[in-house]
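Please look over the structure below before reading on.

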Amino acid sequence: MGKIVKVSGPLVVATGMEEANMADVVRVGEQRLIGEILTMTGGSASIQVYEETSGLGPGAEVVTTGSPLSVELGPGLIENIYDGIQRPLEVIMEKVKGNNLPRGVEVPALDRDKKWEFTPTVKPGAVVTGGDIIGTVQETNAILHKIMVPPKMKGKIVSIQAGSYTVTETVAVLEQDNGQKAELSLMQKWPVRVGRPYKHKYPPVIPLQSGQRIVDTFFPVAKGGTAAIPGPFGSGKTVMQHALAKWSDVDLVVYIGCGERGNEMTDVLREFPELEDPRNGEPLMKRTVLIANTSDMPVAAREASIYTGITIAEYFRDMGYAVAVIADSTSRWAEALREMSGRLEEMPGEEGYPAYLSSRLAQFYERAGSVSCLGSDEDRRGSLTAVGAVSPPGGDLSEPVSQATMRIVKVFWALDASLAYRRHFPAINWLTSHTLYLDSLRPWYDENLGKDFLQNREWAMAVLQEEASLNEIVQLVGKDSLSAKDQITLETAKMIREDFLQQNSFVDIDSYSEYDRQARMLEMVRSYDSQCRAAVEKGGSLNDLFAIPAREGIGRAKSVPADQYKDNYAALSAQMEREINAIAEKGGADL
């Protein structure tokens, strides 16, 4: 037990802490505020308190719990909403009968009274090791929760029985190699700042299908990969992350609202129970865990929130699921890091951020990956995809958080305020964004969509880049002074931008676009381009080519219902060919 000698906002300094360890969780003052030891100097400890410290003064007691900041992992995580240190906000609201989070409230992360139906998958006498699945609980209709042996345990199952259990009741007894018996429950704990172990990490080779055409076709991210969404205020970072959380083909989403506005988290809470998962017809909330640490919550807990979220994600990854972690936003997290660093009187780095900013960001993103899960089961694979938003002040991508993130992640979806103001969503700038996963994903694309898909993608990128250079000429001399081929390039680029890349999230048909539809749409645009060029060479009129009814049909192709688009696109392609051939023949006759 120690005594407080200094209080500086969320930072508290206590003496008499010789028995404590670095990273221990402590309880501070009469209200037992929760905190974590950051530094130790002799018996003096610097503690970041995860709650408001007003009213706390020198002489108050500090008691160490002897364990690091950990999360409870077990049935009951899904559909829940937690704060940055895994306190269930809805349960607290019911307990205190109000909307404000009181200080010092102690509520377990997982419901201790609710019973879950446990079904064993092993029999007594089975030899198990850390990570092995010993039973299952049907947590929601979308997720079968697999109960695993804690990573550091192994031995023989002495007893195991089906039935209804709370998360703390013993479901099995494990006799370890040293002869000691351990009681296994549905719940286990894990320190948030330590990555959960796995057998092997593999290069990611399967794309994460988001239903957003500019992401899936132009700048794909692999399952188990890392991506960042930088952009200025109002460019649609949160909208983009909501779309990824809603439509990505992952088994589970952990959404971390890290320092963002409270109304944005409210939107998620309102929308997700009503939105239907396109894969199984269940509400999206049935496969979502929410971590809410909004901008008005204590800044120290914001720093812990992304570790809480990614540890929960790793737990579900270990079951063999594909998991996505959406962090909104890492800039707010870095600001919390900067504030705590300043209070610790550490040497500031660039723009006041601590010198270890890059390494902390890397520690977060490097916990993503496609892995072979721990345990004796050979073919259990799980993946964890990390997507973080970056909110650079004034949209300046040269600031430290953006630069450090760009060095770590492999996909960069750069949002552009000018596109957002023109109502082009997703407002991802195709000239400044990039992906490094194309080579590793190429075999998947070739096998599932054919070799033409990536060729069409490269062609479309070249057209958009050529348009950017032609626009400078157009501003000087006008569009009519360009050659026919250059005018076709501009028209094709307009089709790629407006008819292919732009999506309307308020229209159900267009808010989600599967890969096959994307491939067929892009193929139609390229076919239009090549046929127009051939027709012009035969004397066809540019104005007539740009005004054919099929050109308008391509513009409306994204609104064709999902069960009709294959036949519709085939008919549209045939119509387009007939109309362009007629113009080419007419041009040839006029010559």
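Which residues lie nearest the centre of the second largest pocket? In this predicted model, they are L89, N99, L101, T294 and M297, out of 30 residues that line the second largest pocket. The volume of this pocket is about 750 Å³. Two helices, α1 (89-96) and α4, each supply at least two residues of its lining. Of these, α1 gives the most, with 5 residues. Sorted by class, the lining of the second largest pocket has 15 nonpolar, 8 polar and 7 charged residues.

Three helices each supply at least two residues of the lining of the largest pocket: α3 (237-247), α4 (262-271) and α13 (508-511). The largest share, 7 residues, comes from α3. In the lining of the largest pocket there are 13 nonpolar, 9 polar and 9 charged residues.

Next come the cavities. How many cavities of 30 Å³ or more does the structure hold? There are 2. The largest cavity has a volume of about 40 Å³. Its lining is made by G131, M148, P151, R196, P197, D318, L374 and R380. By class, these are 4 nonpolar, 1 polar and 3 charged residues.

The second largest cavity has a volume of about 30 Å³. It is lined by Y50, D83, I85, R87, L101, N293, M297, P298 and A301. This lining divides into 6 nonpolar, 1 polar and 2 charged residues.

The last topic is how helices pack. Helix α5 covers residues 299-317 and helix α6 covers residues 330-343. Their axes are 8 Å apart, and the helices pack at an angle of about 130°. Because of that angle, α5 counts as oblique to α6. The crossing of α5 past α6 is left-handed. On the α5 side, the contact is made by V299, A300, R302, E303, I306 and Y307. On the α6 side, it is made by R332, W333, E335, A336, L337, E339 and M340. The residues of this contact are 8 nonpolar and 5 charged, with no polar ones.

Helix α6 also packs against helix α7, which covers residues 357-365. Here the axes come within 11 Å and cross at roughly 135°. That angle makes α6 oblique to α7. The crossing of α6 past α7 is right-handed, whereas that of α5 past α6 is left-handed. In the contact, T330, W333, A334 and L337 of α6 meet L357, R360, L361 and Y365 of α7. These residues divide into 6 nonpolar, 1 polar and 1 charged. W333 and L337 of α6 take part here, and W333 and L337 also take part in the contact with α5.

How values were computed:
Residues numbered from 1 in each chain as written. Predicted model: local features only at pLDDT ≥ 70, side-chain atom pairs only at ≥ 80, totals over all residues. Heavy atoms only, no water. Axes fitted to C-alpha atoms, helices over the stretch in contact; angles between N-to-C directions. Helix = DSSP H or I, 4+ residues; strand = E, 2+ residues; numbered from the N terminus. Parallel < 35°, antiparallel > 145°, perpendicular 65-115°, else oblique. Left-handed = near helix turned anticlockwise from the far one by under 90°. Contact = heavy atoms within 4.5 Å. Nonpolar A, V, L, I, M, F, W, Y, C, P; charged D, E, K, R; others polar. 1 Å grid on protein atoms, 1.4 Å probe; cavity = no way out; pocket = protein on both sides within 12 Å on 5 of 7 lines; lining within 4 Å. Points joined across faces, edges and corners; volume = space filled by probe spheres on them.
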